[in-house]
Amino acid sequence: MTWRPTTLRLVEEHCPKALDFYESNRPEDASHFAVGIAAHAVLEEIVIESGMKGRQLDQDEIESCAASVVAGLVSRGREFDGVQEPPLKPAACLEGKELAVRHLAFWWPTPGARAELGVAVTREWKVVPYDDPRAWLRCILDYASIEEVGDEESSVRALVIRDYKSSWVADERELDTVQRRV
C-alpha cells in the first residue's frame, strides 16, 4: 500500500474505516475540490510559463494563461495519477482562477521553481520516482524552489516548499498536520 498525506489525514481526522471506504474505488463526488483543483492548476501553469520566460508574467499573460487552464478544466477535466477526471463546473473553475490570481498579488514564483512536483520514498526512506511501484509514501509538493532567504544581515540558500490552501477552514492548525510534516 502507498500512503499519501491526504490518506494519512483521512485516518487521523476520522478513522481507518474512512480510508477503507476511500480506497474501495467507489465513485466519489469531487466537486467540493473543484475550486482548489482549479487554483492549483492555474498556479502550476503560471510557474511553468514564468519559468520558460525567465521572468514574471504581466497581467495580460497571467489572464491568458489562467483562461487557457480554465478552458481545459471545463472542457476536458484533468488527469490525476494517470486517471482522467471529468470536466469541472465553470463557476468553480472561475473561482479557483480568481483565487490563484489574487494569490499572485502577495507572492510570485522564483525562476527555476517547480510546481506540483511528485516525490516518493520506499519504506526505507529511499527516494524513488513518484510512480515507482515500490513507493510507500507519495506526495505532491505544490511549489518547490531554491531561494536566498534571510534579511540584510545574513542569508542562506534554502529549499522553499509552499503548500497552497484554498479551504475556508484552513487556519493555523494547518501548520502542524501529518501532511505538513511529510
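These notebook entries record what I looked up in a predicted model.

**Entry 1: the sheet**

I began with the strand order. The model holds an open sheet of four strands, ordered E4-E3-E5-E6, with antiparallel pairing. I noted the edges next: E4 and strand E6 (155-162) are the edge strands, and each pairs on one side only.

I then examined the pairing of E3 with E5. These strands run antiparallel and are joined by seven bridges. Within this pairing, I found Arg-114 opposite Ala-144 in E5.

For E3 and E4, I recorded antiparallel pairing over two bridges. Ala-120 faces Val-128 in E4, and Val-121 faces Val-127 in E4.

I also looked for a helix against the sheet. Helix H3 (residues 34-53) lies across E3 and E5, and runs at about 105 degrees to E3.

**Entry 2: the hairpin of E3 and E4**

I asked which residue in this hairpin takes a positive phi. It is Trp-125, with phi near 65 degrees; the hairpin has five residues between the strands. I returned to Trp-125 when I turned to the aromatic rings.

**Entry 3: aromatic pairs**

I counted two aromatic pairs, taking ring centres within 6.5 Å as the criterion.

Trp-107 and Tyr-143 form an edge-to-face pair, at 4.8 Å centre to centre and with 85 degrees between the planes. I located both partners: Trp-107 is in the loop between helix H5 (90-103) and strand E3 (114-121), while Tyr-143 is in strand E5 (residues 137-150). The pair links distant parts of the chain, 36 residues apart. Both Trp-107 and Tyr-143 are buried.

Why is the pair of Trp-125 and Trp-136 edge-to-face? Their ring planes stand at 85 degrees, with the centres 5.6 Å apart, so the pair is edge-to-face; the cut-off for that class is over 60 degrees. I placed Trp-125 in the loop between E3 and strand E4 (127-128), and Trp-136 in the loop between E4 and E5, 11 residues apart.

I then checked the accessibility of these two residues. Trp-125 has a relative accessible area of 56% and is therefore exposed, since exposed means over 50%. Trp-136, at 22% relative accessibility, counts as partly exposed, because that value falls between the 20% and 50% limits.

**Entry 4: a charge over a ring**

Finally, I asked which residue lies over the face of Tyr-130. It is Arg-138, at 5.7 Å from the ring centre.

Terms used:
Residues numbered from 1 in each chain as written. Predicted model: local features only at pLDDT ≥ 70, side-chain atom pairs only at ≥ 80, totals over all residues. Heavy atoms only, no water. Phe/Tyr/Trp six-rings, centres within 6.5 Å; stacked < 30°, edge-to-face > 60°. Buried < 20%, exposed > 50% of the residue type's maximum accessible area, 1.4 Å probe, protein only. Lys NZ or Arg CZ within 6 Å of the ring centre and 35° of its normal. Pairing = 2+ DSSP bridges. Contact = heavy atoms within 4.5 Å. Axes fitted to C-alpha atoms, helices over the stretch in contact; angles between N-to-C directions.
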